[in-house]
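This report walks through one protein model, region by region. Keep the sequence and the 3D view open while reading.

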Amino acid sequence: MKTLHRTVKRGVSNGEPLPDPWPVFAEKKATIRRGSISMIAGPPGSMKTVFTLNAVRQMGPAVPVLYHSSDSDDFTMASRTLSMALGEQTDQTELMVMAQEQAAYEALKDYDHIRWSFRSSPTLEHMWREAEAFREIKGTYPHLTVIDIMMDIDYEGAGEQNYWALMAELKDMAREQQTAVLVVHHTSESVKGGAPPPRSAIMGKANQLPTLILTLWGDSHAGKLDVAVVKNRFGP
């Protein structure tokens, strides 16, 4: 058992806000916090991974990150990260990675604070073990744990797309590791497009436990990305 006044002296990381990736996040009080779950959701093709990867990049090297990328392989993520770092199109950065160019190697060294797991169907046990390995290497659990994408996690109930029990497990992970768990998830394709989906479109009873939920509607051809804050326990 604990007392709250001793928490002030002891110090605690749970609830600590991570750096805002962009100023508009601070304006909207859309804060990703350690010890809790945040979610980025949208239909297929809404640029969820690009948005998430760029947000991680914008937070900077002061935030140690464990990124579970079941939806994209290491070649894809290296090419995308390199594209953001150099301001080049991905078709160009893909060639740089394939050619093993020194410039690509040096640019990606700046992202050593991000460690990656590319298992296509990770289990909860696998994610816990990766976090322990991270702590062994870095001396701390990751301040941010990204799960991209939630439907790929291998757990009981996945076939029915009922994510309630899984979200409870992720909440325990967030609190015990004092990490901000950022989940990338799908919304129903039955919702009319053209704007970010409502909170009710999030699939599989997964919208109760996150403290922050952002939904996306992106058009890569038009270069447009709309973001809606559909749940926010600490702001509007």
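Contact here means heavy atoms within 4.5 Å. Helices (H or I, at least four residues) and strands (E, at least two) are DSSP runs, numbered from the N terminus. The model is predicted: local features need pLDDT of at least 70, side-chain atom pairs count only at pLDDT 80 or more, and totals for chains, interfaces and linings use all residues. Residues are numbered from 1 along each chain as its sequence is written, and side-chain values use heavy atoms, with hydrogens and water left out.

**Helix 4**

Start with helix 4, residues 74-86. Helix 4 has 13 residues. From first C-alpha to last it reaches 18 Å, close to the 18 Å expected at 1.5 Å a residue. That expected span is 1.5 Å times one less than the number of residues.

Which residues of helix 4 are buried? They are Met77, Ala78, Ser79, Thr81, Leu82, Ser83 and Met84. Buried means under 20% relative accessible area, exposed over 50%, and partly exposed in between (1.4 Å probe, protein chains only). The buried residues of helix 4 pack against helix 3 (48-59), strand 2 (65-69), helix 5 (90-98), helix 6 (102-108) and strand 3 (114-117).

Take Thr81 from this set. Thr81 counts as buried because its relative accessibility is 6%. Leaving aside residues up to four places away in sequence, Thr81 touches Leu53, Leu108 and Tyr111. After helix 4 comes Gly87, with a positive phi near 70°.

**An aromatic cluster**

Rings of Phe, Tyr and Trp (its six-membered ring) pair if their centres lie within 6.5 Å; planes under 30 degrees apart count as stacked, over 60 as edge-to-face and the rest as tilted. By this rule the count comes to 6 aromatic pairs. Two of them are listed here.

| Pair | Centre to centre | Angle between planes | Type |
|---|---|---|---|
| Trp22 and Phe25 | 5.7 Å | 50° | tilted |
| Trp22 and Phe51 | 5.5 Å | 40° | tilted |

Trp22 lies in the loop between helix 1 (4-10) and helix 2 (23-27), while Phe51 is in helix 3, so their pair ties together parts that are 29 residues apart in sequence. Ring pairs link Trp22, Phe25 and Phe51 into a cluster. Trp22 is partly exposed, at 22% relative accessibility. Phe25 is buried, at 7%. Phe51 is buried, at 7%.

**Helices 7 and 8**

How do helix 7 and helix 8 pack, and at what angle? Helix 7 (residues 124-138) and helix 8 (residues 164-177) meet at about 10°, with axes 12 Å apart. Axes are lines fitted to C-alpha atoms, for helices over the stretch in contact, and angles run from 0 to 180 degrees between N-to-C directions. Helix 7 and helix 8 are therefore roughly parallel, a label for angles under 35 degrees. Helix 7 contributes Leu124, Met127, Trp128 and Ala131 to the contact. Helix 8 contributes Leu166, Glu169, Leu170, Met173, Glu176 and Gln177.

**Pro197**

Pro197 sits in the loop between strand 5 (180-186) and strand 6 (212-219). Pro197 is buried, at 5% relative accessibility. Pro197 and Trp217 are 20 residues apart along the chain, yet their C-alpha atoms are separated by 7.4 Å. Not counting residues up to four places away in sequence, Pro197 touches Pro43, Thr187, Thr215, Leu216 and Val230.

Definitions and conventions:
Angles under 35 degrees count as roughly parallel, over 145 as roughly antiparallel, 65 to 115 as roughly perpendicular and the rest as oblique.
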